[in-house]
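Open the structure in your viewer and keep the selection tool ready.

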Amino acid sequence: MKVLPAAPSIPRPPGPKSQFPLLGVFPRFRKDPPNFLLQMARQHGDLVHLRLANQHAYIVSHPDAIRDVLVTHQSNFRKSRILERARVLLGEGLLTSEGEFHTRQRRLVQPAFHRDRLIRYADDMVNCAVRAREQLQPGEQDVWHAMTHLTLAIVGRTLFSADISSDANQIGGALTEIFSLFDTLLMPFSEWLMKLPLPAMRKFERARDQLDRVVYGLIADRRASREDKGDLLSMLLLAQDTDGEGGGDGSGMSDKQVRDEALTLLLAGHETTANALSWCWYLLGQNPDAEARFHAEIDTVLAGKTPAFDDVPRLPFTTGVFAESLRLYPPAWAVGRKALADYKIGDYVLPAGSIVLTSPFVVHRDPRWFPEPEKFDPERWHEVEAEQRPKFSYFPFGGGTRVCIGERFAWAEGVLVLATLAQKWRFRSVPDHPVVAQAVITLRPKYGIKMNAQLR
Ligand code: HEM
(Lines give C-alpha, C1' and ligand atoms only; values in the text may rest on other atoms or scores of the structure.)
Protein backbone atom coordinates (compact mmCIF):
# COMPACT_ATOMS: atom_id res chain seq x y z
CA MET A 1 0.00 0.00 0.00
CA LYS A 2 1.26 3.47 -0.87
CA VAL A 3 1.41 5.90 2.04
CA LEU A 4 -0.12 9.24 1.19
CA PRO A 5 1.96 12.34 1.91
CA ALA A 6 0.69 14.13 5.02
CA ALA A 7 0.03 17.30 3.04
CA PRO A 8 -0.17 17.55 -0.71
CA SER A 9 3.05 19.05 -2.01
CA ILE A 10 1.61 19.88 -5.41
CA PRO A 11 -1.51 21.85 -6.28
CA ARG A 12 -4.48 19.60 -6.95
CA PRO A 13 -7.47 20.24 -9.17
CA PRO A 14 -10.74 21.11 -7.42
CA GLY A 15 -12.74 18.34 -5.82
CA PRO A 16 -14.79 17.27 -2.81
CA LYS A 17 -13.31 17.38 0.68
CA SER A 18 -12.48 13.98 2.13
CA GLN A 19 -15.16 12.86 4.59
CA PHE A 20 -13.11 10.33 6.51
CA PRO A 21 -9.38 10.34 7.17
CA LEU A 22 -8.80 6.81 5.90
CA LEU A 23 -11.57 6.42 3.35
CA GLY A 24 -11.72 9.85 1.72
CA VAL A 25 -14.98 10.09 -0.28
CA PHE A 26 -15.12 6.36 -0.89
CA PRO A 27 -18.38 5.83 1.08
CA ARG A 28 -20.19 8.40 -1.11
CA PHE A 29 -18.67 7.03 -4.30
CA ARG A 30 -19.64 3.49 -3.41
CA LYS A 31 -23.36 4.26 -3.00
CA ASP A 32 -23.88 5.09 -6.68
CA PRO A 33 -20.56 5.41 -8.55
CA PRO A 34 -21.70 6.80 -11.95
CA ASN A 35 -24.03 9.40 -10.47
CA PHE A 36 -21.41 10.41 -7.93
CA LEU A 37 -18.89 10.96 -10.75
CA LEU A 38 -21.51 12.94 -12.68
CA GLN A 39 -22.30 15.13 -9.70
CA MET A 40 -18.58 15.78 -9.09
CA ALA A 41 -17.94 16.73 -12.73
CA ARG A 42 -20.92 19.09 -12.70
CA GLN A 43 -19.77 20.73 -9.47
CA HIS A 44 -16.03 20.93 -10.07
CA GLY A 45 -15.45 20.80 -13.84
CA ASP A 46 -13.50 18.76 -16.39
CA LEU A 47 -10.73 17.71 -14.02
CA VAL A 48 -11.68 16.68 -10.48
CA HIS A 49 -9.52 15.30 -7.69
CA LEU A 50 -10.96 12.70 -5.30
CA ARG A 51 -9.46 10.65 -2.59
CA LEU A 52 -10.81 7.12 -2.69
CA ALA A 53 -9.37 5.50 0.43
CA ASN A 54 -5.62 5.14 -0.12
CA GLN A 55 -5.72 6.25 -3.78
CA HIS A 56 -5.72 9.62 -5.47
CA ALA A 57 -8.21 9.56 -8.32
CA TYR A 58 -8.89 12.12 -11.02
CA ILE A 59 -12.10 12.33 -13.04
CA VAL A 60 -11.15 13.48 -16.55
CA SER A 61 -14.20 14.66 -18.49
CA HIS A 62 -13.09 16.81 -21.41
CA PRO A 63 -13.14 14.81 -24.69
CA ASP A 64 -9.69 16.10 -25.73
CA ALA A 65 -8.12 15.10 -22.43
CA ILE A 66 -9.85 11.70 -22.64
CA ARG A 67 -8.41 11.19 -26.12
CA ASP A 68 -4.96 11.99 -24.75
CA VAL A 69 -5.29 9.46 -21.93
CA LEU A 70 -6.81 6.65 -23.99
CA VAL A 71 -5.02 7.22 -27.29
CA THR A 72 -2.28 9.85 -27.61
CA HIS A 73 -0.45 9.09 -24.37
CA GLN A 74 -1.76 5.60 -23.79
CA SER A 75 1.71 4.21 -23.08
CA ASN A 76 1.78 6.34 -19.94
CA PHE A 77 -1.06 4.27 -18.48
CA ARG A 78 -2.14 0.78 -17.63
CA LYS A 79 -5.52 -0.57 -16.60
CA SER A 80 -6.70 0.39 -13.17
CA ARG A 81 -7.45 -1.54 -10.09
CA ILE A 82 -10.87 -3.04 -10.86
CA LEU A 83 -9.64 -4.71 -14.00
CA GLU A 84 -6.51 -5.83 -12.21
CA ARG A 85 -8.75 -7.45 -9.61
CA ALA A 86 -10.82 -9.04 -12.37
CA ARG A 87 -7.81 -11.29 -12.99
CA VAL A 88 -9.10 -13.58 -10.25
CA LEU A 89 -11.82 -14.48 -12.73
CA LEU A 90 -10.45 -13.73 -16.19
CA GLY A 91 -6.78 -14.53 -15.64
CA GLU A 92 -4.62 -13.14 -18.43
CA GLY A 93 -7.37 -12.79 -21.05
CA LEU A 94 -7.54 -9.83 -23.44
CA LEU A 95 -9.46 -7.58 -21.09
CA THR A 96 -7.05 -7.94 -18.19
CA SER A 97 -3.58 -8.64 -19.66
CA GLU A 98 -1.01 -5.89 -20.27
CA GLY A 99 2.00 -4.96 -22.37
CA GLU A 100 3.55 -7.16 -25.04
CA PHE A 101 1.61 -10.17 -23.91
CA HIS A 102 -1.65 -8.31 -24.53
CA THR A 103 -0.45 -7.09 -27.95
CA ARG A 104 0.36 -10.64 -29.04
CA GLN A 105 -2.94 -12.06 -27.80
CA ARG A 106 -4.86 -9.25 -29.46
CA ARG A 107 -3.15 -10.00 -32.78
CA LEU A 108 -4.16 -13.60 -32.41
CA VAL A 109 -7.81 -12.95 -31.59
CA GLN A 110 -8.35 -10.03 -34.01
CA PRO A 111 -9.02 -12.12 -37.16
CA ALA A 112 -12.14 -13.51 -35.48
CA PHE A 113 -13.60 -9.98 -35.77
CA HIS A 114 -12.73 -9.19 -39.40
CA ARG A 115 -15.49 -7.99 -41.68
CA ASP A 116 -15.86 -11.25 -43.60
CA ARG A 117 -16.37 -13.04 -40.29
CA LEU A 118 -18.93 -10.49 -39.15
CA ILE A 119 -20.96 -11.08 -42.29
CA ARG A 120 -21.16 -14.76 -41.38
CA TYR A 121 -21.90 -14.04 -37.74
CA ALA A 122 -24.77 -11.77 -38.79
CA ASP A 123 -26.67 -14.78 -40.14
CA ASP A 124 -26.24 -16.56 -36.82
CA MET A 125 -27.27 -13.44 -34.91
CA VAL A 126 -30.46 -13.19 -36.92
CA ASN A 127 -31.20 -16.93 -36.67
CA CYS A 128 -30.90 -16.77 -32.88
CA ALA A 129 -33.08 -13.64 -32.81
CA VAL A 130 -35.73 -15.25 -35.03
CA ARG A 131 -35.83 -18.25 -32.68
CA ALA A 132 -36.26 -15.93 -29.67
CA ARG A 133 -38.94 -13.94 -31.55
CA GLU A 134 -40.95 -17.04 -32.34
CA GLN A 135 -40.63 -18.51 -28.83
CA LEU A 136 -41.71 -15.32 -27.07
CA GLN A 137 -45.22 -15.32 -25.59
CA PRO A 138 -47.43 -12.27 -25.09
CA GLY A 139 -47.57 -10.94 -21.52
CA GLU A 140 -45.16 -10.01 -18.77
CA GLN A 141 -41.46 -10.73 -19.38
CA ASP A 142 -38.18 -9.72 -17.85
CA VAL A 143 -36.63 -8.34 -21.03
CA TRP A 144 -33.21 -8.25 -19.38
CA HIS A 145 -33.41 -11.97 -18.73
CA ALA A 146 -34.59 -12.59 -22.30
CA MET A 147 -31.81 -10.43 -23.79
CA THR A 148 -29.17 -12.14 -21.65
CA HIS A 149 -30.28 -15.56 -22.94
CA LEU A 150 -30.30 -14.29 -26.49
CA THR A 151 -26.89 -12.61 -26.47
CA LEU A 152 -25.35 -15.63 -24.77
CA ALA A 153 -26.80 -17.87 -27.47
CA ILE A 154 -25.35 -15.50 -30.11
CA VAL A 155 -21.85 -15.39 -28.69
CA GLY A 156 -21.88 -19.18 -28.21
CA ARG A 157 -23.01 -19.78 -31.77
CA THR A 158 -20.73 -17.22 -33.47
CA LEU A 159 -17.46 -17.55 -31.56
CA PHE A 160 -17.68 -21.13 -30.30
CA SER A 161 -20.03 -22.77 -32.86
CA ALA A 162 -21.82 -24.22 -29.86
CA ASP A 163 -25.34 -24.17 -28.55
CA ILE A 164 -24.86 -22.99 -25.00
CA SER A 165 -28.47 -22.07 -24.37
CA SER A 166 -28.80 -25.04 -22.00
CA ASP A 167 -25.94 -23.55 -19.94
CA ALA A 168 -27.51 -20.09 -19.93
CA ASN A 169 -29.08 -20.36 -16.47
CA GLN A 170 -25.87 -21.68 -14.97
CA ILE A 171 -23.82 -18.89 -16.56
CA GLY A 172 -26.36 -16.22 -15.62
CA GLY A 173 -26.51 -17.41 -11.99
CA ALA A 174 -22.73 -17.58 -11.70
CA LEU A 175 -22.39 -14.08 -13.11
CA THR A 176 -24.94 -12.64 -10.74
CA GLU A 177 -23.00 -14.15 -7.82
CA ILE A 178 -19.75 -12.74 -9.15
CA PHE A 179 -21.17 -9.30 -9.84
CA SER A 180 -22.63 -9.12 -6.37
CA LEU A 181 -19.04 -9.26 -5.16
CA PHE A 182 -18.19 -6.14 -7.09
CA ASP A 183 -18.51 -4.11 -3.94
CA THR A 184 -15.80 -6.20 -2.35
CA LEU A 185 -13.56 -5.74 -5.37
CA LEU A 186 -13.93 -1.99 -5.04
CA MET A 187 -13.18 -1.95 -1.34
CA PRO A 188 -9.91 -0.53 -0.18
CA PHE A 189 -7.57 -3.36 0.76
CA SER A 190 -9.60 -5.80 -1.37
CA GLU A 191 -6.42 -7.60 -2.35
CA TRP A 192 -6.22 -8.86 1.23
CA LEU A 193 -9.94 -9.33 1.71
CA MET A 194 -9.98 -11.65 -1.25
CA LYS A 195 -7.45 -13.95 0.34
CA LEU A 196 -9.56 -14.51 3.47
CA PRO A 197 -11.80 -17.58 3.72
CA LEU A 198 -14.97 -15.44 3.89
CA PRO A 199 -18.34 -16.94 2.81
CA ALA A 200 -18.49 -14.38 -0.02
CA MET A 201 -15.16 -15.65 -1.33
CA ARG A 202 -16.31 -19.25 -1.24
CA LYS A 203 -19.42 -18.25 -3.20
CA PHE A 204 -17.19 -16.54 -5.72
CA GLU A 205 -15.02 -19.63 -6.11
CA ARG A 206 -18.08 -21.82 -6.63
CA ALA A 207 -19.38 -19.44 -9.31
CA ARG A 208 -15.97 -19.39 -11.02
CA ASP A 209 -15.88 -23.20 -10.99
CA GLN A 210 -19.28 -23.26 -12.70
CA LEU A 211 -18.07 -20.98 -15.48
CA ASP A 212 -14.89 -23.04 -15.81
CA ARG A 213 -16.93 -26.20 -16.27
CA VAL A 214 -18.76 -24.61 -19.22
CA VAL A 215 -15.61 -23.26 -20.86
CA TYR A 216 -13.37 -26.29 -20.28
CA GLY A 217 -16.32 -28.37 -21.56
CA LEU A 218 -16.33 -26.39 -24.83
CA ILE A 219 -12.55 -26.83 -25.14
CA ALA A 220 -12.69 -30.58 -24.42
CA ASP A 221 -15.51 -31.14 -26.96
CA ARG A 222 -13.57 -29.35 -29.66
CA ARG A 223 -10.38 -31.26 -28.93
CA ALA A 224 -12.27 -34.54 -29.03
CA SER A 225 -13.83 -33.71 -32.41
CA ARG A 226 -10.41 -32.61 -33.84
CA GLU A 227 -12.37 -30.40 -36.19
CA ASP A 228 -11.27 -26.94 -37.39
CA LYS A 229 -14.57 -25.10 -37.44
CA GLY A 230 -12.87 -21.87 -38.42
CA ASP A 231 -14.24 -20.09 -35.34
CA LEU A 232 -12.50 -18.36 -32.48
CA LEU A 233 -12.12 -21.51 -30.43
CA SER A 234 -10.41 -23.35 -33.28
CA MET A 235 -8.13 -20.36 -33.78
CA LEU A 236 -7.09 -20.40 -30.14
CA LEU A 237 -6.53 -24.14 -30.13
CA LEU A 238 -4.67 -24.21 -33.43
CA ALA A 239 -2.34 -21.47 -32.26
CA GLN A 240 -1.61 -23.74 -29.33
CA ASP A 241 -0.97 -26.76 -31.50
CA THR A 242 1.09 -25.31 -34.30
CA ASP A 243 2.67 -21.90 -34.27
CA GLY A 244 3.89 -21.45 -30.74
CA GLU A 245 3.11 -17.74 -30.66
CA GLY A 246 1.01 -17.81 -27.53
CA GLY A 247 3.36 -19.26 -24.92
CA GLY A 248 6.49 -17.36 -25.83
CA ASP A 249 8.59 -20.53 -25.60
CA GLY A 250 7.48 -22.09 -28.85
CA SER A 251 4.85 -24.25 -27.20
CA GLY A 252 1.80 -22.08 -27.89
CA MET A 253 -0.97 -21.24 -25.49
CA SER A 254 -1.47 -23.26 -22.36
CA ASP A 255 -4.90 -24.73 -21.63
CA LYS A 256 -5.31 -22.08 -18.99
CA GLN A 257 -4.61 -19.30 -21.51
CA VAL A 258 -7.19 -20.70 -23.95
CA ARG A 259 -9.63 -20.77 -21.04
CA ASP A 260 -8.82 -17.15 -20.09
CA GLU A 261 -9.40 -15.85 -23.62
CA ALA A 262 -12.53 -17.94 -24.17
CA LEU A 263 -14.10 -16.96 -20.84
CA THR A 264 -13.25 -13.29 -21.41
CA LEU A 265 -14.97 -13.28 -24.80
CA LEU A 266 -17.93 -15.25 -23.54
CA LEU A 267 -18.52 -12.79 -20.72
CA ALA A 268 -17.45 -9.51 -22.34
CA GLY A 269 -19.30 -10.54 -25.50
CA HIS A 270 -22.74 -11.06 -24.03
CA GLU A 271 -23.29 -9.12 -20.79
CA THR A 272 -22.65 -5.71 -22.30
CA THR A 273 -24.86 -6.22 -25.36
CA ALA A 274 -27.62 -7.76 -23.22
CA ASN A 275 -27.67 -4.66 -21.04
CA ALA A 276 -27.59 -2.31 -24.03
CA LEU A 277 -30.50 -4.10 -25.73
CA SER A 278 -32.55 -4.21 -22.52
CA TRP A 279 -32.17 -0.44 -22.08
CA CYS A 280 -33.25 -0.01 -25.73
CA TRP A 281 -36.59 -1.75 -25.10
CA TYR A 282 -37.08 0.22 -21.92
CA LEU A 283 -36.34 3.55 -23.63
CA LEU A 284 -38.55 2.73 -26.62
CA GLY A 285 -41.38 1.80 -24.22
CA GLN A 286 -41.03 5.22 -22.58
CA ASN A 287 -40.94 7.12 -25.89
CA PRO A 288 -43.85 6.10 -28.13
CA ASP A 289 -43.04 8.71 -30.82
CA ALA A 290 -39.53 7.38 -31.27
CA GLU A 291 -40.92 3.86 -31.17
CA ALA A 292 -43.35 4.67 -33.99
CA ARG A 293 -40.47 5.96 -36.15
CA PHE A 294 -38.44 2.89 -35.33
CA HIS A 295 -41.30 0.62 -36.43
CA ALA A 296 -41.86 2.67 -39.57
CA GLU A 297 -38.21 2.33 -40.57
CA ILE A 298 -38.15 -1.42 -40.02
CA ASP A 299 -41.40 -1.97 -41.89
CA THR A 300 -40.37 0.21 -44.84
CA VAL A 301 -36.75 -0.91 -45.22
CA LEU A 302 -37.24 -4.60 -44.56
CA ALA A 303 -40.78 -4.90 -45.95
CA GLY A 304 -41.28 -8.09 -43.93
CA LYS A 305 -38.06 -9.86 -44.93
CA THR A 306 -35.64 -11.12 -42.29
CA PRO A 307 -32.77 -8.62 -41.85
CA ALA A 308 -29.19 -9.38 -42.93
CA PHE A 309 -25.77 -7.75 -42.47
CA ASP A 310 -26.23 -5.49 -45.52
CA ASP A 311 -29.39 -4.02 -44.00
CA VAL A 312 -27.53 -2.53 -41.02
CA PRO A 313 -26.50 0.72 -42.81
CA ARG A 314 -30.02 0.96 -44.24
CA LEU A 315 -31.46 1.23 -40.72
CA PRO A 316 -30.08 4.58 -39.43
CA PHE A 317 -32.90 5.28 -36.98
CA THR A 318 -32.58 1.79 -35.47
CA THR A 319 -28.82 2.39 -35.19
CA GLY A 320 -29.68 5.69 -33.45
CA VAL A 321 -31.86 3.79 -30.94
CA PHE A 322 -28.92 1.53 -30.06
CA ALA A 323 -26.55 4.54 -29.95
CA GLU A 324 -28.87 6.40 -27.55
CA SER A 325 -29.08 3.40 -25.25
CA LEU A 326 -25.25 3.27 -25.17
CA ARG A 327 -25.19 7.00 -24.53
CA LEU A 328 -27.63 7.08 -21.63
CA TYR A 329 -26.79 3.70 -20.09
CA PRO A 330 -23.25 2.91 -21.25
CA PRO A 331 -22.62 -0.68 -20.11
CA ALA A 332 -18.97 0.23 -19.42
CA TRP A 333 -19.84 3.28 -17.30
CA ALA A 334 -16.18 4.05 -16.51
CA VAL A 335 -12.91 3.31 -18.26
CA GLY A 336 -10.17 3.55 -15.65
CA ARG A 337 -6.41 3.82 -15.96
CA LYS A 338 -3.44 4.09 -13.63
CA ALA A 339 -0.66 6.60 -14.46
CA LEU A 340 2.75 4.95 -14.77
CA ALA A 341 4.60 8.28 -14.57
CA ASP A 342 3.64 11.84 -13.61
CA TYR A 343 1.12 13.12 -16.15
CA LYS A 344 0.29 16.73 -16.96
CA ILE A 345 -3.24 17.92 -17.73
CA GLY A 346 -3.55 21.69 -18.17
CA ASP A 347 -1.93 23.34 -15.14
CA TYR A 348 -1.95 20.21 -13.03
CA VAL A 349 0.36 17.26 -12.64
CA LEU A 350 -1.22 13.91 -11.80
CA PRO A 351 1.44 12.00 -9.87
CA ALA A 352 2.56 8.53 -10.96
CA GLY A 353 0.27 5.90 -9.44
CA SER A 354 -2.85 8.10 -9.67
CA ILE A 355 -6.10 6.60 -10.90
CA VAL A 356 -7.58 8.34 -13.92
CA LEU A 357 -11.31 7.84 -14.34
CA THR A 358 -12.88 8.60 -17.69
CA SER A 359 -16.62 7.98 -17.62
CA PRO A 360 -18.84 7.57 -20.68
CA PHE A 361 -21.80 7.96 -18.27
CA VAL A 362 -20.57 11.45 -17.29
CA VAL A 363 -19.46 12.70 -20.71
CA HIS A 364 -22.52 11.33 -22.55
CA ARG A 365 -24.72 13.45 -20.28
CA ASP A 366 -22.82 16.67 -20.84
CA PRO A 367 -25.08 19.34 -22.41
CA ARG A 368 -22.09 20.86 -24.26
CA TRP A 369 -22.08 17.82 -26.53
CA PHE A 370 -25.64 16.56 -26.13
CA PRO A 371 -28.22 19.32 -25.66
CA GLU A 372 -31.06 18.15 -23.39
CA PRO A 373 -28.88 15.22 -22.41
CA GLU A 374 -31.58 13.28 -20.54
CA LYS A 375 -33.78 13.16 -23.63
CA PHE A 376 -33.83 9.91 -25.62
CA ASP A 377 -33.44 11.16 -29.19
CA PRO A 378 -32.21 8.71 -31.86
CA GLU A 379 -32.16 11.64 -34.31
CA ARG A 380 -28.99 12.93 -32.64
CA TRP A 381 -27.14 10.30 -34.57
CA HIS A 382 -27.92 11.84 -37.90
CA GLU A 383 -24.52 11.87 -39.62
CA VAL A 384 -24.15 15.65 -39.95
CA GLU A 385 -24.95 16.35 -36.30
CA ALA A 386 -22.84 13.49 -35.00
CA GLU A 387 -19.77 14.58 -37.00
CA GLN A 388 -19.74 18.00 -35.33
CA ARG A 389 -19.10 16.56 -31.88
CA PRO A 390 -15.58 15.96 -30.57
CA LYS A 391 -14.60 12.33 -31.00
CA PHE A 392 -14.36 11.42 -27.33
CA SER A 393 -17.66 13.03 -26.38
CA TYR A 394 -19.02 9.53 -27.11
CA PHE A 395 -16.89 6.52 -26.25
CA PRO A 396 -19.01 3.58 -25.10
CA PHE A 397 -16.34 1.22 -26.48
CA GLY A 398 -13.28 2.99 -25.00
CA GLY A 399 -10.39 3.93 -27.29
CA GLY A 400 -6.76 3.40 -28.29
CA THR A 401 -5.08 0.01 -28.32
CA ARG A 402 -7.50 -1.22 -25.66
CA VAL A 403 -10.62 -0.25 -27.61
CA CYS A 404 -13.31 -2.93 -27.50
CA ILE A 405 -12.41 -5.70 -29.91
CA GLY A 406 -16.11 -6.53 -30.29
CA GLU A 407 -17.30 -3.03 -31.20
CA ARG A 408 -18.40 -3.80 -34.77
CA PHE A 409 -19.81 -7.12 -33.64
CA ALA A 410 -21.90 -5.28 -31.02
CA TRP A 411 -23.26 -2.68 -33.47
CA ALA A 412 -24.32 -5.37 -35.93
CA GLU A 413 -25.84 -7.48 -33.16
CA GLY A 414 -27.67 -4.53 -31.60
CA VAL A 415 -29.29 -3.37 -34.82
CA LEU A 416 -30.12 -6.85 -36.12
CA VAL A 417 -31.65 -8.05 -32.86
CA LEU A 418 -33.74 -4.87 -32.47
CA ALA A 419 -35.02 -5.10 -36.04
CA THR A 420 -35.78 -8.83 -35.93
CA LEU A 421 -37.72 -8.72 -32.64
CA ALA A 422 -39.59 -5.52 -33.47
CA GLN A 423 -40.94 -7.06 -36.67
CA LYS A 424 -43.37 -8.89 -34.42
CA TRP A 425 -43.27 -7.42 -30.90
CA ARG A 426 -43.44 -4.19 -28.93
CA PHE A 427 -42.77 -3.91 -25.20
CA ARG A 428 -44.65 -1.81 -22.66
CA SER A 429 -43.47 -1.03 -19.14
CA VAL A 430 -45.16 -2.85 -16.25
CA PRO A 431 -46.54 -0.23 -13.84
CA ASP A 432 -44.86 -0.12 -10.43
CA HIS A 433 -41.93 -2.26 -11.50
CA PRO A 434 -38.81 -0.32 -10.39
CA VAL A 435 -36.25 0.13 -13.14
CA VAL A 436 -32.99 1.15 -11.51
CA ALA A 437 -29.55 1.27 -13.09
CA GLN A 438 -26.97 -0.38 -10.87
CA ALA A 439 -23.28 0.03 -11.50
CA VAL A 440 -21.66 -3.26 -10.81
CA ILE A 441 -18.98 -4.09 -13.33
CA THR A 442 -21.40 -3.08 -16.06
CA LEU A 443 -24.45 -0.84 -15.79
CA ARG A 444 -27.20 -3.40 -15.21
CA PRO A 445 -30.89 -2.95 -14.33
CA LYS A 446 -30.88 -3.81 -10.63
CA TYR A 447 -34.30 -5.51 -10.58
CA GLY A 448 -34.36 -6.56 -14.23
CA ILE A 449 -36.75 -4.81 -16.63
CA LYS A 450 -40.27 -6.20 -16.52
CA MET A 451 -42.28 -5.34 -19.60
CA ASN A 452 -45.42 -6.57 -21.33
CA ALA A 453 -44.75 -8.15 -24.72
CA GLN A 454 -47.50 -7.22 -27.16
CA LEU A 455 -47.95 -8.45 -30.71
CA ARG A 456 -47.64 -5.53 -33.14
C1 HEM B 1 -22.51 -2.85 -26.30
C2 HEM B 1 -21.57 -3.75 -26.18
C3 HEM B 1 -20.19 -3.52 -25.65
C4 HEM B 1 -19.67 -2.47 -24.94
C5 HEM B 1 -20.38 -1.22 -24.46
C6 HEM B 1 -18.27 -2.76 -24.71
C7 HEM B 1 -17.38 -1.91 -24.07
C8 HEM B 1 -16.04 -2.14 -23.95
C9 HEM B 1 -15.06 -1.19 -23.45
C10 HEM B 1 -15.37 0.22 -22.94
C11 HEM B 1 -13.85 -1.77 -23.49
C12 HEM B 1 -12.51 -1.12 -23.11
C13 HEM B 1 -12.19 -1.27 -21.65
C14 HEM B 1 -10.93 -0.52 -21.26
O15 HEM B 1 -10.27 0.09 -22.09
O16 HEM B 1 -10.57 -0.55 -20.07
C17 HEM B 1 -14.04 -3.10 -24.01
C18 HEM B 1 -13.02 -4.02 -24.18
C19 HEM B 1 -13.24 -5.32 -24.64
N20 HEM B 1 -14.42 -5.83 -25.13
FE21 HEM B 1 -16.17 -4.89 -25.30
N22 HEM B 1 -17.98 -3.98 -25.27
C23 HEM B 1 -19.12 -4.47 -25.87
C24 HEM B 1 -19.25 -5.63 -26.58
C25 HEM B 1 -18.27 -6.57 -26.73
C26 HEM B 1 -18.39 -7.77 -27.52
C27 HEM B 1 -19.61 -8.16 -28.33
C28 HEM B 1 -17.21 -8.46 -27.36
C29 HEM B 1 -16.78 -9.78 -27.95
C30 HEM B 1 -17.54 -10.56 -28.68
C31 HEM B 1 -16.36 -7.67 -26.49
C32 HEM B 1 -15.08 -8.02 -26.08
C33 HEM B 1 -14.19 -7.15 -25.49
C34 HEM B 1 -12.81 -7.49 -25.18
C35 HEM B 1 -12.14 -8.85 -25.40
C36 HEM B 1 -12.22 -6.33 -24.66
C37 HEM B 1 -10.76 -6.16 -24.24
C38 HEM B 1 -10.01 -5.65 -25.46
C39 HEM B 1 -8.53 -5.37 -25.21
O40 HEM B 1 -8.18 -4.82 -24.17
O41 HEM B 1 -7.75 -5.70 -26.11
N42 HEM B 1 -17.03 -6.53 -26.15
N43 HEM B 1 -15.35 -3.30 -24.30
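Two strands pair if DSSP finds at least two bridges between them. Helices (H or I, at least four residues) and strands (E, at least two) are DSSP runs, numbered from the N terminus. This is a predicted model, in which local features need pLDDT of at least 70 and side-chain atom pairs count only at pLDDT 80 or more, while totals for chains, interfaces and linings use all residues. Residues are numbered from 1 along each chain as its sequence is written.

Select the whole protein chain. Its secondary structure comes to 20 helices and twelve strands. The radius of gyration, taken over C-alpha atoms, is 22 Å, close to the 23 Å that the globule rule (2.2 Å times the number of residues to the power 0.38) gives for 456 residues, so the chain is as compact as a globular protein of that length. Along the principal axes, the C-alpha atoms fill a box of roughly 65 × 55 × 40 Å.

Next, select strand E1 (residues 47–52) together with E2: they pair in the antiparallel sense over six bridges. Which residue of E2 is the bridge partner of His49? Tyr58 is that partner. Now pick Ala53 in the turn of this hairpin, where two residues lie between E1 and E2; Ala53 has a positive phi of about 50 degrees.

E2 and E8 run parallel and are joined by three bridges. Tyr58 has Val356 as its bridge partner in E8.
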